[in-house]
Amino acid sequence: MAGTSIKIGSAVIEVVQGDITRQDTQAVVNAANEQLAPGGGVAGAIHKAAGPQLWEECRTLGGCKTGQAKITRGYQLPAEYVIHTVGPVYSNTPQNAIDLASCYHESLLLAKNHDIESIAFPAISTGVFGYPVAAAADIALQTVIAFLKEHGQPRWVRFVLFGENDYLVFERALLNLAKKG
Ligand code: AR6
């Protein structure tokens with residue numbers, strides 16, 4: 001899997017093009033809805049690949065609010081855990097950016113608290129929820145970089161972009177942020 005990576009201390013941030021359900025990271029992140037129900041997009045793909053036990057566990061969790069995150073096991077996925085986070089529905093308000101940053105921050109915090117060493121994120125909110133991908137990429141990467149500077153873990157953070165254009169947007173954003181230090 002070709003990709004681009006940078007180091008933040010001893011941690012690595014990597015951007016690749018691929019399918020989130022095929023990642024061998026210890027956790028994968030699901031762009032979920034507030035019911036944590038299997039939907040379309042990433043959520044549909046993750047539930048399909050994990051099998052029905054994932055929904056059995058999700059339905060016991062009492063949903064998840066926008067900007068928050070909850071953790072389950074990964075069942076039939078290669079990943080041991082799924083971290084479910086609910087992105088904002090884009091409406092071009094300052095609160096959208098706060099909520100999107102919170103998704104990444106809360107997911108990383110859950111990962112750290114479970115001693116998860118490697119995690120893969122999709123581009124949360126940029127599909128059905130309509131967040132423009134360039135703006136979403138900046139928020140995603142800035143939030144992860146700030147978290148790794150403060151906490152130093154998880155040691156491996158991978159962004160998995162489904163489409164080539166989204167991949168190129170995330171790659172450019174990563175390299176620009178790396179240049180700024
Ligand atoms: N691997 C990686 N990325 C993917 C995959 C995949 N297998 N499939 C789609 N993407 P979305 P959202 C990309 O709509 O905007 C669901 O129905 C996709 O191209 O999955 O946060 C939920 O149940 C896009 O770039 O998430 C919610 O109701 C990105 O993942 C709602 O959609 C996110 O697209 C969440 O909407």
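Trainee: Between which strands is the loop in which Tyr75 lies?

Mentor: Tyr75 lies in the loop between strand E4 (69-73) and strand E5 (81-85), where strands (E, at least two residues) and helices (H or I, at least four) are DSSP runs numbered from the N terminus. This is a predicted model, in which local features need pLDDT of at least 70 and side-chain atom pairs count only at pLDDT 80 or more, while totals for chains, interfaces and linings use all residues. Residues are numbered from 1 along each chain as its sequence is written, and side-chain values use heavy atoms, with hydrogens and water left out.

Trainee: What makes the phi of Tyr75 worth a remark?

Mentor: Most residues other than glycine have a negative phi, and most peptide bonds are trans. Tyr75 is not a glycine, yet its phi is positive, at about 50°.

Trainee: How do you know that the peptide bond from Gln153 to Pro154 is cis?

Mentor: Its omega is near 0°, and Pro154 lies in the loop between helix H4 (133-151) and E7.

Trainee: Why is the pair Glu14 and Arg158 called a salt bridge?

Mentor: The term requires a side-chain nitrogen of Lys or Arg within 4 Å of a carboxyl oxygen of Asp or Glu. For Glu14 and Arg158 the closest N and O atoms are 2.9 Å apart, so the pair meets that rule. Because Glu14 lies in strand E2 (residues 11-17) and Arg158 in strand E7 (residues 156-161), the pair ties together parts that are 144 residues apart in sequence. By this rule the count comes to 3 salt bridges.
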